[in-house]
Amino acid sequence: MARAANSIQNLPSGIDQLDALLQHRARLGAMVLLSAGDEINFSTLRALLKESDGNLGAQLRKLEEADYIAVKKEFQDRKPASWYSLTPTGRRALKTHLAAMESVVRSAEV
Amino acid sequence: MSDARQIHEDIQYVREIVARSEQSNRRPVLIYWTWALFVLITYPMMDFAPRYINFVSLPGLIICFALTIYLSRRFKQSLGIKQRRDRSGLFWFGGSILLIFCSISLSIVMHLHGQASGQLSVVFVGIFYFLGGVNYDRNFLWLGPLLCVAGLAVGFVPHYGWTALGIVFALGLIVPTLFAPRPPEALAENVPAETH
């Protein structure tokens, strides 16, 4: 019990603020790219993140279910294209997560 | 501390992605070529057919602007990125309108006609391109000042100064597009259509 309490005290500051959903690299990367206030299509996200279709699709679906991103489907040159953008909830979550990451790194450096 | 190391690695990963997304900012080559063609047609007219310059340059400007709007939309779609607040569009179109307005009004106020008015326009274009270089395309950092100097110097060239200036201007637009880096992995249009 005392050891558990001690280990909690030793946790770097900000670690409890980390968003579990954003601790996956592909999801974090997608959120950062979308945070520029743009809509980005699936093909471009896949090229930038260097992820496979299936993996990226699954990760984006999780972000969509958490209401972190919104998707809009449309046809571009007769081909289907999905355009992703950050929701206000997602933007807030990303901001909190990045601040927590910074805090953890700083506390580890001290 | 494994959490901190993990986060360090995540930050590095994010940094790489952001760098990759910035690398993929290609140039809208066809827009540059459109304006190079406009310059190659209109500038020599100052030497060979100055009477008809207004009849050609005004419709030419309208056509080039319309083409630029169309090509710019196509270019952004090919990048796979839609910008809600199109800062570059506002800069280039707003700046162009302001540039035309300033050139015409200053020419009227300063009673400039013909070649002198053209020189003033080129100096303004040079300043505008330099600002474009600061914000968007580094090649304009040298093309802008070059146009300012050439715009002033062309008045002292006895023969075919405008033709030479048009060629230099057009080359300044075309040559960098021939050597632009094209990172293959970041080009969305080269990636097959989504299948998820």
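1. Confidence in chain A. This is a predicted model, and chain A has a mean pLDDT of 84. In chain A, 85% of the residues reach 70 or more. Helix α4 (residues 53–65) has the highest mean pLDDT, 95. Helix α1 (residues 2–9) has the lowest, 46.

2. Over residues 1–8 of chain A, pLDDT stays under 50. For these residues the model has zero contacts beyond four places in sequence.

3. Layout of chain A. Chain A holds five helices and three strands. Along the sequence their pattern is α-α-β-α-α-β-β-α. Take the contacts in chain A with a separation of 6 or more: 57% of them join residues 24 or more positions apart.

4. Burial and surface of chain A. Chain A has 110 residues, and 47% of them are buried. Its accessible surface comes to about 5900 Å². Carbon and sulfur atoms account for 52% of that surface.

5. A histidine to look at. A:H97 sits in helix α5 (residues 88–109) of chain A. Is A:H97 buried or exposed? Its relative accessibility is 2%, so A:H97 counts as buried. Leaving aside neighbours within four places in sequence, A:H97 is in contact with A:L18, A:D19, A:L22, A:Q23 and A:L28.

6. Aromatic pairs. The count over all chains comes to 18 aromatic pairs. One of them joins B:F91 and B:F128. This pair is stacked, with 5.3 Å centre to centre and 25° between the planes. B:F91 lies in helix α4 (residues 87–109) of chain B and B:F128 in helix α5 (residues 114–135) of chain B, so the pair ties together parts 37 residues apart in sequence. Both B:F91 and B:F128 are buried.

7. B:Y136 lies in the loop between α5 and α6 (140–153) of chain B, while B:F91 is in helix α4 of chain B, so the pair links parts 45 residues apart in sequence. B:Y136, at 34%, counts as partly exposed.

8. Which residues form one aromatic cluster? They are B:Y32, B:Y43, B:F91, B:W92, B:F128, B:Y129, B:Y136, B:F140, B:W162 and B:F169.

Note on methods. Residues numbered from 1 in each chain as written. Chains lettered and ligands numbered in written order. Predicted model: local features only at pLDDT ≥ 70, side-chain atom pairs only at ≥ 80, totals over all residues. Heavy atoms only, no water. pLDDT = per-residue confidence, 0-100. Helix = DSSP H or I, 4+ residues; strand = E, 2+ residues; numbered from the N terminus. Contact = heavy atoms within 4.5 Å. Buried < 20%, exposed > 50% of the residue type's maximum accessible area, 1.4 Å probe, protein only. Areas by Shrake-Rupley, 256 points an atom, 1.4 Å probe, with all protein chains shown as cover. Phe/Tyr/Trp six-rings, centres within 6.5 Å; stacked < 30°, edge-to-face > 60°.
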